[in-house]
Amino acid sequence: MAILKATVGDIFEIKTPAALAYIQYTHPGADMGALVRVLPGLFSTRPTDFAELAKQRELYFVFYTLKSALRNHQTEIVSHQPIPEWVRAYPLMRW
């Protein structure tokens with residue numbers, strides 16, 4: 001069984017009760033999980049243009065247990081896109 005490893009820029013699909021949602025891995029996290037940005041929109045079918053989706057402003061950032069979600073088949077890699085310029089620096093987070 002192949003072990004998938006996430007790389008910065010990967011886009012992941014998450015099946016929610018409402019529809020398909022997408023996140024993009026932006027920064028590795030040490031003990032809090034991977035930092036991802038939640039991309040806008042819910043989709044009934046998988047989009048065909050992830051490049052355009054990745055260029056849009058995120059809804060928000062969240063730490064996510066990405067390794068575990070991949071291992072347990074709760075998400076899958078669907079694309080790899082460049083991280084937008086405004087996302088490259090670690091975002092300011094509230095405590």
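**Exercise 1.** In what order do the five strands stand in the open sheet?

*Solution.* This is a predicted model, in which local features need pLDDT of at least 70, side-chain atom pairs count only at pLDDT 80 or more, and totals for chains, interfaces and linings use all residues. Residues are numbered from 1 along each chain as its sequence is written, and side-chain values use heavy atoms, leaving out hydrogens and water.

Step 1: read off the order, β4-β3-β2-β1-β5, with antiparallel pairing. Strands are DSSP runs of E, at least two residues long, numbered from the N terminus, and two of them pair if DSSP finds at least two bridges between them.

Step 2: look at the edges. β4 (60–64) and β5 (75–80) each have a single partner strand, so one side of each lacks a neighbour in the sheet.

Step 3: zoom in on one pair. β2 (residues 20–27) and β3 (residues 34–38) are joined over four bridges, and Q24 stands opposite R37 in β3.

**Exercise 2.** Work out which parts of the chain the salt bridge between R46 and E13 ties together.

*Solution.* Step 1: check the contact. The two side chains meet at 2.9 Å, N to O; a salt bridge needs a Lys or Arg side-chain nitrogen within 4 Å of a carboxyl oxygen of Asp or Glu.

Step 1: R46 lies in the loop between β3 and α1 (50–55) and E13 in strand β1 (residues 10–15), so the pair links parts 33 residues apart in sequence.

Step 2: compare accessibility (buried under 20% relative accessible area, exposed over 50%, partly exposed in between; 1.4 Å probe, protein chains only). E13 is buried at 4%, while R46 is partly exposed at 40%.
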